[in-house]
Each structure stands twice: as structure tokens, then as C-alpha cells.
Amino acid sequence: SPAASGSPLLWVILALGMKWVEEALSCPTECTCDKWQVNCKGKKLKNFPTTIPLMTKKLILAQNNLPNLPLLTMSYLNELVHLDSSHNLITMDLDFSFPGLVKLTYLDLSFNKLSHITSFTFSQLSELLLLNLSGNPLMVKIMEQAFEKNSLLRYIDVNNCGLSYLSAKTFQKLDRLRILRIKDNPWNCDCKFLTFSEWLIHTDIKFPDFENTTCSKPEKMKGLSLHKAKLELHYLCLVLLKPQDFIYICLVTFCIFLGGTLVAWLVGFCTVMYYHPGNISFYFIKNIRNISEKENFQCVRVWTCLPKMKYS
């Protein structure tokens, strides 16, 4: 009968459904679970757990050997609010992002092997409040647009990384940012660093251990606090100019003046041509006639003088 023939298929569907529900509600064997929390700290994991309950709100993966965060597995953790992946071996591609974690507010990626933070990395985490990126010595660059989708951020930690430069534009749109940790980075305090150092002084954001945050390069700035470096850079970069700098500025000024003069003349000429084309034609015709009459007059004078020259 149809019912009898359909029953094995129904049992298969039910079995698969039960297995999916069991995996969705079960706790990874290596971890401990308590309500909505899964704790896998210090379990020497080399792979991301695959049986994490889908309703997990807090996931602790600290102190393991995880090389990456699998996008497909994490995309199902829609209820995740707290993720601690610190002290692992995590690397990320330039196009990596955190899909599906729309409720995540706390993210700890400290002490890993991150290298770059791009505009894609945290673009899906619109609810993010606290971000810890400290202890990533391979992290040498944070793009200006890295946090443009994270307007709720209140705390960022980039202590002990490999940053030599940061742009003030990276943080200027984070109106709710209150604390930014930037200590123990190899800051390159040259003229390019001046804008960022001025922003550090005038912003309302707090920088713990700011007075102990120092420059690493160039050699003459090494060991100076960022506050003292800002004063020194202001003098070196804006006040003290070398002779070749003055020559360069003069050449640029002359080129701008000459270019502006030529452009103004061309604009004026084109304007007159457009609104008074007849006057321009008349001007040229008149000049041509004047030149012709002058030449004829000179010829007449020469002809009339010839007889006198002949009989003199």
C-alpha cells in the first residue's frame, strides 16, 4: 500500500531529524556545557568542535591549537554573543569574515597569528562592543575601513602587536569608543605618524599606559613617549625645513601660479568667444586690414621716394 511503501522513507527522515536534533543539542565530548555556555578551554584541540549546540551564547576555545575558524560551522551559531578564541594558532585570509554571528558582542582573538585586519574581517559584526586583538606580533596592518561597520565598539585592544602605523581615520567614526590600548607596538614616529599622534592627544578616548607607550623608530625618536614624540615631530615636520624643502615649495608655488594664470586666460578667452564671437572676428579682420594698409602705405612712401633717390 502507499502508506506501507512510504513508511521506510518516513522512518529515514525521522532518524535523520533526530540525529540532527541530537547534534544540535549535544555537548562536544572534549568540552563542558552549562546551559547556553560551551567551555573547551585548554583541551589541546586541533580542530573546531563540530557538535556545538546551535543555541550556544558563550563559546570558550582559549588555549588550544586551532589553526582557523571554520566559516560553515560558525555560520550556524546565530545566537552566539561571546566568543573567546585567544591563545591559539589562528590565521585569517584577507577576505575572511564572521558570517551569521549577528548577535556577537564580545570577541577575543588575542595571542594568535593574525596578520591583517581588512574591511571584510568584522563587517558582519554590527553588534560588536568589545574586541581584543592583542598579542598578535604578525599583525602589521589595520586598514582605515576595518571598523566602519562596527559603530557600537566601546573597547579595542591592540597591545603587543606588530603595528608601526595607524590612521586616525580608523577610529574617528567610532563615536562610542571609550578605551583603546596601543602599548608595546613598534611605532615608527616619523612625519607620517604626526597626524595620528595629534589625534591621540586631542581625542576623548582613553589610552591606558599611554605615558609608557614609546616609539621604536627612527633611531633619534627611539624610547620617546608618544606625547613627547608628538612635540618633537611638530617641530621637525612643520617648523624645521631643509633648503631643498624651500626650493621644492617655491617650484610648486610657481607652477601653481603659472598654471592658474594660463587657465584664467583660457577661460576668459573661451568666454568671450562663446558670448561675443562677432567681436572676435571683427577684431581679427580689423587687425588684418590695419596691417595691410600699413604695408601699402609703406610701399607708397617707398615708391614716391624712389624718384628723389634717382635724381639726387
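Biologist: Is the link of C191 and C237 left-handed or right-handed?
Modeller: This is a predicted model with residues numbered from 1 along each chain as its sequence is written. The angle about the S-S bond of C191 and C237 is -95°. That link is left-handed.

Biologist: Where in the chain does C237 sit?
Modeller: The pair joins distant parts of the chain, 46 residues apart. C191 is in the loop between β11 (187-188) and α3 (194-202). Helices (H or I, at least four residues) and strands (E, at least two) are DSSP runs, numbered from the N terminus. C237 lies in helix α4 (residues 226-239).

Biologist: How far apart are the sulfur atoms of C191 and C237?
Modeller: A disulfide is a pair of cysteine sulfur atoms within 2.5 Å. C191 and C237 form one. Their sulfur atoms are apart by 2.0 Å.

Biologist: Is C237 buried or exposed?
Modeller: Buried means under 20% relative accessible area, exposed over 50%, partly exposed in between (1.4 Å probe, protein chains only). C191, at 46%, is partly exposed. C237 has 18% relative accessibility, so it counts as buried.

Biologist: How many disulfides does a search of the whole structure find?
Modeller: Local features need pLDDT of at least 70, side-chain atom pairs count only at pLDDT 80 or more, totals for chains, interfaces and linings use all residues, and side-chain values use heavy atoms, with hydrogens and water left out. The search of the whole structure gives a disulfide count of 4.

Biologist: What pattern do the disulfides of the protein chain follow?
Modeller: Bonded cysteines are counted along the chain. The pattern is then 1-3, 2-4, 5-7, 6-8.

Biologist: What is the angle about the S-S bond for C27 and C33?
Modeller: C27 and C33 form a disulfide with sulfur atoms 1.9 Å apart. C27 is partly exposed at 30% relative accessibility, and C33 is partly exposed at 36%. The link is right-handed, with an angle about the S-S bond of 85°.

Biologist: What is the relative accessibility of C40?
Modeller: C40 forms a disulfide with C31, their sulfur atoms 1.9 Å apart. The link is right-handed, with 105° about the S-S bond. C31 is buried, with a relative accessible area of 9%. C40 also counts as buried, because its relative accessibility is 0%.

Biologist: Is C255 buried or exposed?
Modeller: C161 has a relative accessible area of 6%, so it is buried. The value for C255 is 51%. C255 is therefore exposed.
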